[in-house]
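Please examine the chain below with attention to how its parts are arranged and how they meet. The paragraphs that follow proceed from the overall division to the interface and its individual residues.

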Amino acid sequence: MPAFTASAPGKIILFGEHAVVYRRPAIAVPVEQVAAKAIVNAELRGAPGSVKLLAPDIGMEAQLSELPASNPIAAAVLNAAGVLGISRIPACTVKVTSTIPVAGGLGSGAAVSVAILRAFSAYLGHPLSDEQVCQLAYEVEKIHHGTPSGIDNTVITYARPVYFVKDRPIELLHPRQPFTLVIGDTGIQSPTVKAVSDVRKAWQQHQDEYEALFDSTGAIVDSARTAIESGMTELLGPLMDANHGLLRKMGVSCPELDTLVQVARNAGALGAKLSGGGRGGNMIALVTAKNAERVAAALQRAGAVRIIITQVRG
Ligand code: PMV
């Protein structure tokens, strides 16, 4: 029997993180340079129900039955079997690998879920639709995040730029012109759940102030959408700077992110901001084809532990 394989890209949030949890729009794009991969192999001599889960990157080797349902890898497998109504899973090994850094705002959790859901449902003989994959990956995101907006599982399932509003039908974005981003990693692992819960506490205490920050973010996202769709990508730089300013006010930046953002601007980036949950993880800078390498080198000198140069296209 052949192996069943699926992979899913990483992602970055271009505009609107955190405010998106409060039903403002956000824009996210896939990052194909990093990916999660799931491979399912049948174990022809294994007893039904015997499902071995391997995730060598995190040193995991376990039977599905030994893991709590709150384990995200187990949850993805169980969700696929559950929605397909399969209780006796034919014996197999599910192996997951990923080049997406964990807890860095690049969507590693959602990508692992999407890859598993696709490979495992194909192994069971019923490949899930994109809609089902997106919904089930969202259920797993709740384990990671608590109250996720759903943007990660959406952009990663569809592997296309998205304009996203929680609980609204997904809207794919079609950039008129491709544009280039440099992604710089602070190397600080920062669980999104903590940043999201701190923003919630602050919002509860200063509701008017935070609602205004979220509204301003939403307006930036809408301007960015227009710029992307009309090919006026140079307008995105100042919008990124403005969005970073709002994220700082929300309390989700940190000195390392602020430094990399400033270094990128000084090296000629058209704009820069943190991306994702913040407090660490990654920042992004809008660059031209000409100055991408210069900005990347400056970020590296300033301490970025990993650089990705990626193009956003339709
Ligand atoms: O998964 P991350 O770190 O890219 O962050 C997700 C973005 C947030 O808006 C902070 C949370 C969410 O659920 O949308």
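In this predicted model, the chain separates into two domains: domain 1 spans residues 4-171, and domain 2 spans residues 174-312. A distance of 25 Å lies between the C-alpha centres of domain 1 and domain 2.

The two domains share an interface. On one side, 33 residues of domain 1 take part, and these are in contact with 48 residues of domain 2. Together, domain 1 and domain 2 bury about 3100 Å² between them, and carbon and sulfur atoms account for 64% of that area. Within domain 1, the residues that lose the most area to domain 2 are Phe 15, His 18 and Tyr 22, which together make up 24% of what that side buries.

In the salt bridge of Glu 17 with Lys 273, the side chains meet at 2.9 Å, N to O.

Which elements form the side of domain 1 that touches domain 2? Strand 1 (4-15), strand 2 (26-42) and helix 3 (130-145) each supply at least two residues to that side. Strand 2 provides the largest share, six residues. By residue class, the side of domain 1 that touches domain 2 consists of 19 nonpolar, ten polar and four charged residues.

Key:
Residues numbered from 1 in each chain as written. Predicted model: local features only at pLDDT ≥ 70, side-chain atom pairs only at ≥ 80, totals over all residues. Heavy atoms only, no water. Domains from an automatic or database assignment. Contact = heavy atoms within 4.5 Å. Buried area = accessible area lost by both parts, 1.4 Å probe. Salt bridge = Lys/Arg side-chain N within 4 Å of Asp/Glu carboxyl O. Helix = DSSP H or I, 4+ residues; strand = E, 2+ residues; numbered from the N terminus. Nonpolar A, V, L, I, M, F, W, Y, C, P; charged D, E, K, R; others polar.
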